[in-house]
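Please keep the sequence and the structure in view while reading.

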Amino acid sequence: MRQLKAAVVGDPVAHSLSPRLFAFWSKARGRDLEYEALKVTHAAFRETFTYARSESVWVGWNVTLPHKELAAQLSDELDASAEQPGAANVLLFRDGRAIGYNTDAQGFLDSLTAAGCEPFGTRCVVLGAGGAAAGVVAALRRSGAADVMVLNRTPERAASLAKRFGLAYGGLEGAAGVIAGADLVVNATAAGLGGGSPLPDGARFREGAWAVDLLYRPQETPFMAQARAAGARPLGGLGMLVRQGAAAWKLFFGDALGEPEIRAGEAHLEGLL
Ligand code: NAP
């Protein structure tokens with residue numbers, strides 16, 4: 001069988017656990033897959049994408065920050081999952097064409113379900129307005145959340161995302177007041193990559209509210225520590241990573257991973273953190 005190649009493409013990308021996850025599942029399934037972490041700057045993304053699309057060795061890419069929106073724009077065809085968020089975190093390369101998908105949204109919802117969090121009817125706040133936030137907003141709307149508000153450091157970007165879904169939005173300076181009344185707060189910013197939180201010290205959460213950080217390293221991020229201290233229920237991003245990866249695996253190879261394999265993949269990564 002011809003060896004296939006796949007990659008996670010981003011900048012930065014060295015921290016990504018996707019290569020370990022795909023290596024784990026490839027070994028478990030006996031699949032000969034060469035999977036690498038490809039650091040590509042935003043300026044070089046278009047050229048690298050065009051080259052990869054013309055090669056026949058690639059099954060697909062997992063796309064990470066900051067390229068998801070550009071990946072959607074460059075796709076020859078966009079699956080419905082990537083259309084409304086306007087962000088693709090999976091690219092399939094087939095016969096010289098690229099098809100963009102968004103598995104972040106499904107991975108996010110599946111991780112909530114696995115943790116026992118039901119977003120139906122809840123008041124939600126999404127912090128951030130990048131590719132991941134777009135997937136989260138789409139997922140929360142789809143799952144019947146009563147209300148979703150988008151807050152971002154750059155308010156214009158919050159406006160652009162929120163308007164696509166007809167939602168309220170604002171800057172981060174108003175976050176403290178809004179969060180205190182929310183049932184589900186999602187940190188979809190990249191603030192944690194620099195060791196920080198998008199919220200000010202002492203931010204108040206509603207007792208028992210869910211506080212989900214999409215970041216998965218460290219296991220307890222500054223945002224999660226703030227939420228725990230305020231009586232909220234913190235949840236990290238590892239479950240989402242694994243479940244969006246499982247959805248990408250199905251797109252790449254057509255065979256779905258079972259829940260025990262998904263959980264084994266998550267436990268494997270947990271051991272590496
Ligand atoms: P992105 O498109 O580059 O967007 C980054 C977002 O973070 C923007 O809203 C940006 O605000 C905000 N931001 C960056 N630094 C900040 C800071 N210091 N304070 C406040 N806001 C800040 O990135 P992305 O792809 O959406 O990813 C966002 C995060 O989600 C990353 O940490 C990524 O690792 C994580 N993620 C996890 C999973 C998972 O499976 N667990 C999946 C996807 C993403 P501005 O608009 O003002 O620049």
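This is a predicted model: local features need pLDDT of at least 70, side-chain atom pairs count only at pLDDT 80 or more; totals for chains, interfaces and linings use all residues.

**From a loop to the ligand**

P12 is placed in the loop between β1 and α1, the latter spanning residues 18–29. P66 belongs to the loop between β3 (58–63) and α3. A further backbone feature is found at D95, which has a positive phi of about 50° although this residue is not a glycine. The loop that holds D95 runs between β5 (90–94) and β6 (97–101).

K5 and E36 form a salt bridge, with 3.8 Å from N to O. The two partners come from distant parts of the chain: K5 is in strand β1 (residues 4–10), E36 is in strand β2 (residues 33–39), and 31 residues separate them. Side chains of opposite charge can pair when their charged atoms come close. Over the whole structure, a search finds 14 salt bridges.

The next step is to consider the chain as a whole. The domain assignment divides the protein chain into domain 1, made of residues 4–102 and 241–270, and domain 2, made of residues 105–236. Taken over C-alpha atoms, the centres of domain 1 and domain 2 are 24 Å apart.

How many residues of each domain are in contact with the other? On the side of domain 1 there are 16, and these meet 20 residues of domain 2. About 1400 Å² is buried between domain 1 and domain 2, and carbon and sulfur atoms give 57% of that area. Within domain 1, the residues that lose the most area to domain 2 are Q84, P85 and R243, which together account for 35% of what that side buries.

Polar and charged groups also connect the domains. Between domain 1 and domain 2 there are five residue pairs in polar contact, both residues being at pLDDT 80 or more. The count of salt bridges between domain 1 and domain 2 is one. E69 forms a salt bridge with R157, and their closest N and O atoms are 3.7 Å apart. The elements that give two or more residues to the side of domain 1 touching domain 2 are α3 (68–74), α10 (238–253) and α11 (259–272). Of these, α10 gives the most, with three residues. Sorted by class, this side of domain 1 has five nonpolar, six polar and five charged residues.

Which of the 24 residues around the ligand come nearest? They are A132, N152, T154, R157 and L214. In the side chain of R157, an N or O atom is 2.8 Å from an oxygen atom of the ligand. At A190, a backbone N or O atom lies 2.9 Å from an oxygen atom of the ligand. At L241, a polar backbone atom is 3.2 Å from an oxygen atom of the ligand.

Note on methods
Residues are numbered from 1 along each chain as its sequence is written. Side-chain values use heavy atoms; hydrogens and water are left out. Domain bounds come from an automatic or database domain assignment. Contact means heavy atoms within 4.5 Å. Buried area is the accessible area (1.4 Å probe) that two parts lose on being put together, summed over both. A salt bridge is a side-chain nitrogen of Lys or Arg within 4 Å of a carboxyl oxygen of Asp or Glu. A polar contact is a pair of N or O atoms within 3.5 Å; within protein, one must be able to donate a hydrogen and the other to accept it, and residues adjacent in sequence count only if both atoms are side-chain atoms. Helices (H or I, at least four residues) and strands (E, at least two) are DSSP runs, numbered from the N terminus. Ala, Val, Leu, Ile, Met, Phe, Trp, Tyr, Cys and Pro count as nonpolar, Asp, Glu, Lys and Arg as charged, and the others, Gly among them, as polar. A residue is near a molecule or strand if one of its heavy atoms lies within 4 Å of it.
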